[in-house]
Amino acid sequence: MRKCDGGLSAAGKVIRELRELQGKSIVDVAEELDGSYWDVMKVEKGERRLPYSEVEAWADALSTSTMVITKKRLARELVKHYDPALYEIFYAVNFDSKAA
């Protein structure tokens with residue numbers, strides 16, 4: 001098995017925490033995604049990167065009637081862990097007047 005990097009593991013932890021916060025099981029999310037238990041588990045364990053093309057479907061699957069996970073929120077969390085340098089470019093507040 002391929003050793004996963006910290007970014008994948010951290011992003012998987014975010015996915016797992018969102019799923020658990022919603023009171024959903026891995027099977028619940030897999031069924032909503034028309035995927036398998038193993039697909040969800042691999043993302044949560046950091047063994048598979050969640051493609052940005054799937055963010056909207058995952059956001060919908062992780063949402064409930066009482067708490068909606070937006071695709072923008074989920075994408076932001078994934079970028080934070082998958083590509084910290086890109087996250088800094090898009091989301092970091094920089095008040096340095098020399099910054100471009």
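**Figure 1. The protein has 6 helices and 0 strands.** From the N terminus on, the elements run α-α-α-α-α-α. Helices (H or I, at least four residues) and strands (E, at least two) are DSSP runs, numbered from the N terminus. This is a predicted model: local features need pLDDT of at least 70, side-chain atom pairs count only at pLDDT 80 or more, and totals for chains, interfaces and linings use all residues. Residues are numbered from 1 along each chain as its sequence is written, and side-chain values use heavy atoms, with hydrogens and water left out. Of the 100 residues in the protein, 32% are buried. Buried means under 20% relative accessible area, exposed over 50%, and partly exposed in between (1.4 Å probe, protein chains only). Among contacts with a separation of 6 or more, 60% join residues 24 or more positions apart. Contact means heavy atoms within 4.5 Å.

Figure 2. Helix α3 spans residues 37-44. Its buried residues are Val 40, Met 41, Val 43 and Glu 44. An α-helix has 3.6 residues a turn, so residues three or four places apart point the same way. The buried residues of α3 pack against α1 (6-21), α2 (26-33) and α4. Just after α3, Gly 46 takes a positive phi of about 80°.

**Figure 3. The largest nonpolar core holds 20 residues.** A nonpolar core is a set of buried Ala, Val, Leu, Ile, Met, Phe, Trp, Tyr and Cys residues joined through side-chain atoms within 4.5 Å. Ile 15, Leu 50, Trp 58, Leu 62, Leu 74 and Leu 78 touch the most other members. Helices α1, α2, α3, α4 and α5 each supply at least two residues of this core. What does Trp 58 touch, not counting residues up to four places away in sequence? Its partners are Ile 15, Val 29, Leu 33, Val 40, Val 43, Arg 48, Leu 50 and Leu 74.

**Figure 4. The side chain of Arg 19 meets that of Glu 44.** Arg 19 belongs to helix α1. Is Arg 19 buried or exposed? Arg 19 counts as buried because its relative accessibility is 8%. The two side chains make a polar contact at 2.5 Å. A polar contact is a pair of N or O atoms within 3.5 Å; within protein, one must be able to donate a hydrogen and the other to accept it, and residues adjacent in sequence count only if both atoms are side-chain atoms. Leaving out residues up to four places away in sequence, Arg 19 touches Lys 24, Ser 25, Ile 26, Val 29, Glu 44 and Leu 62.

**Figure 5. Lys 24 lies in the loop between α1 and α2.** Lys 24 is buried, with a relative accessible area of 12%. Its side chain makes a polar contact with the side chain of Glu 32 (3.0 Å). The side chain of Lys 24 also reaches the backbone oxygen of Ser 63 at 2.7 Å. Beyond four places in sequence, the residues that Lys 24 touches include Arg 19, Asp 60 and Thr 64.

**Figure 6. Asp 28 and Asp 34 are two views around helix α2.** Asp 28 lies in helix α2. At 32% relative accessibility, Asp 28 counts as partly exposed. A polar atom of its side chain lies 2.9 Å from the backbone nitrogen of Ser 25. Asp 28 and Leu 62 are 34 residues apart in sequence, and 9.1 Å apart in space, C-alpha to C-alpha. Asp 34 sits in the loop between α2 and α3. At 75% relative accessibility, Asp 34 counts as exposed. Its phi is near 55°, a positive value in a residue other than glycine.

**Figure 7. Thr 70 lies in the loop between α4 (55-62) and α5 (71-82).** Thr 70 counts as partly exposed, at 39% relative accessibility. A polar atom of its side chain lies 3.0 Å from the backbone nitrogen of Arg 73. Thr 70 and Ala 59 are 11 residues apart in sequence and 5.8 Å apart in space, C-alpha to C-alpha.
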